[in-house]
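Please take a moment to look over the sequence and the structure shown here before reading on. The paragraphs below are meant to be followed with the model in view.

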Amino acid sequence: MAEQRTDTELLALFREPATKEKAFTEIVKKYQERLYWHIRRMLVDHEDSNDVMQNVFIRVWNALSGFREDAQLYTWLYRIATNECLTFIEQQKKKATTSLSDVESGLSNKIRADKDFDAKKLEWKLQLAIQQLPEKQRVVFSLRYYDDMPYEEMSRVLDTSAGALKASYHHAAKKIEDFILNH
Amino acid sequence: MITGRGLIDAMESPNEILTELLEIAPFLGRAGVLRAPYDIPMGYFEDFSDILMYRIRFEADGFGEIKSVSSPEEIAEISPLLAELKNKNLYQVPAGYFESLNTDVQLTGVVPLKLSAIPQSVKTKKISIPMRIVRYAAAACIVGMIGITTFNLTHHKVLDPINGLTTVSDQDMANYLDVDDVHWTTDNPSDLQTSTVDLSDNDIHDLLSSVPDVELEQYSLLLPEQKPSVN
């Protein structure tokens, strides 16, 4: 198996018209799973997640040539994905003319409607617990717990100080544990 | 500057995340990192980049070099098989159908509307009513409705039709029935067909076959003079 190219190499290839598509495809393949799961944990539904995934990468295609290399590529990708998720949730709210709590309970219902849902299993309880969190806290918990993202990187994704993010993560983890132990 | 390091080594060690979690939420920390239990369609990640590139190349505006292709060219590029099937019509119409269509329409008296008969523009007059007048009009309507309802409740007693009929003399009632030509029977037996069903003994037997004997006996006790006959 060929060794994976570094982000720097891929960006250089992307700038060349002859290798632009090939480089972009490699970038997609390199990051798609991480970004997909980040999105899926936010939106629960696969079809919604797929739509948002495509929108994310179309944005990346359009903006990548202007990407400033003073940040990590993956940080930038997570930032776009997170913003697209939040925009999607906002649009759902407007479409349904419901409150955010209705959207969240809708996400919980989607979890319960999954064909494999088992209320006794800890991993399903965890998903339900995550949906009880405010959306920003949900992102913070997901980036740290699932994606092992350092607070410094997270602060670039979310434009929030590392200290505030640490406090937010602690708060989220406690709330999730309380939910799991009491449900 | 971007360092070029990969995603995985840019992330914090999972052990550090778990150690932190054990301090904040011991139960969650002891459970380890529980992956999201969602399913994804088979081959989703294998196909995703192809689908995405297809969308980027062909779908929307503003994505660089997008060729303007006709529908036949497009389908020929995507699927030559579908392109070949495009003009093969399985359905047939009777010979001369389309030629006779215009004549048929005219014979039935429905004349196709010519586009030239449609006025190109219809002049409309815009009337603006001050908002203040609209508010007064709405208030007047509400006051009017309350007034009418109050008047009806205080000045008109609601008549009970049954009690009212007890005060009508037999002669008046007879006159009303004669003058207004009220019929109580029909001369045409077919009018009653929907309410009459002829059932044979076999039909009744079939209908009642699923009813337990105990229930039939109880029913026959309620109707001592009309015992059901079930053989």
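Predicted model: local features only at pLDDT ≥ 70, side-chain atom pairs only at ≥ 80, totals over all residues.

Of the 183 residues of chain A, 36% count as buried, whereas for the 231 residues of chain B the figure is 2%. In chain A, if we take the contacts between residues at least 6 apart in sequence, 58% of them join residues at least 24 apart.

Confidence should be kept in mind when looking at chain B, where the mean pLDDT is 71 and 58% of the residues reach 70 or more. Within chain B, helix 1 has the lowest confidence, with a mean of 55, and helix 4 has the highest, at 91. Over residues 1-6 of chain B the pLDDT is below 50, although this stretch has 13 contacts in the model beyond near neighbours in sequence.

Helix 7 of chain A is mostly covered, since eight of its 11 residues are buried, namely Arg138(A), Val139(A), Val140(A), Phe141(A), Ser142(A), Leu143(A), Arg144(A) and Tyr145(A). These buried residues pack against helix 2, helix 4 (73-96), helix 6, helix 8 and helix 9 of chain A, and also against helix 2 of chain B.

Why does Val139(A) count as buried? The cut-off is 20 or more other C-beta atoms within 10 Å, and Val139(A) counts as buried because it has 25 C-beta neighbours inside 10 Å. Setting aside residues up to four places away in sequence, Val139(A) touches Met42(A), Thr82(A) and Leu158(A). Thr82(A) lies 57 residues from Val139(A) along the chain, yet the C-alpha atoms of the two are separated by 7.6 Å.

Helix 9 of chain A shows how one helix can have two sides. Its 21 residues (162-182) should span 30 Å at 1.5 Å a residue, and its end C-alpha atoms are 30 Å apart, which agrees. Which residues of helix 9 of chain A are buried? They are Leu165(A), Ser168(A), Tyr169(A), Ala172(A), Ala173(A), Ile176(A) and Glu177(A). Seen down the axis of the helix, the buried residues of helix 9 of chain A fall within an arc of 165°, so they line one face. An α-helix has 3.6 residues a turn, so residues three or four places apart point the same way. On the other side of helix 9 of chain A, Gly163(A), Ala167(A), Leu181(A) and Asn182(A) are exposed. The cover over the buried residues of helix 9 includes helix 6 (122-131), helix 7 and helix 8 (151-158) of chain A, together with helix 2 and helix 3 of chain B.

Some of these residues also belong to the largest nonpolar core, which has 53 residues and in which Leu35(A), Ile39(A), Leu77(A), Val140(A), Phe141(A), Ala173(A) and Ile176(A) touch the most other members. Helix 2 (residues 20-43) of chain A gives the most to this core, with 10 residues. Leaving aside neighbours within four places in sequence, Leu35(A) is in contact with Met53(A), Val56(A), Leu77(A) and Ala81(A).

Two loop residues of chain A can be set side by side. Val44(A), in the loop between helix 2 and helix 3 (46-63) of chain A, has a positive phi of about 70° although it is not a glycine. Asp159(A), in the loop between helix 8 and helix 9 of chain A, is not a glycine either and has a positive phi of about 55°. Val44(A) is buried, with 22 other C-beta atoms within 10 Å, whereas Asp159(A) counts as exposed, with 7 C-beta neighbours inside 10 Å.

Finally, we come to the place where the chains meet. Here 33 residues of chain B are in contact with 45 residues of chain A. Helix 1 (7-10), helix 2 (14-24), helix 3 (26-30) and helix 4 (44-58) of chain B are the elements that give two or more residues to the side of chain B that touches chain A. The largest share of that side, seven residues, comes from helix 4 of chain B. By kind, the residues on that side of chain B divide into 26 nonpolar, three polar and four charged.

Definitions and conventions
Residues numbered from 1 in each chain as written. Chains lettered and ligands numbered in written order. Contact = placed C-beta atoms within 7 Å. Helix = DSSP H or I, 4+ residues; strand = E, 2+ residues; numbered from the N terminus. Nonpolar A, V, L, I, M, F, W, Y, C, P; charged D, E, K, R; others polar. Buried ≥ 20, exposed ≤ 12 C-beta atoms within 10 Å, placed from the backbone. Expected span 1.5 Å × (residues − 1). Arc of directions from axis to C-beta. Core = buried A, V, L, I, M, F, W, Y, C linked by C-beta atoms within 7 Å. pLDDT = per-residue confidence, 0-100.
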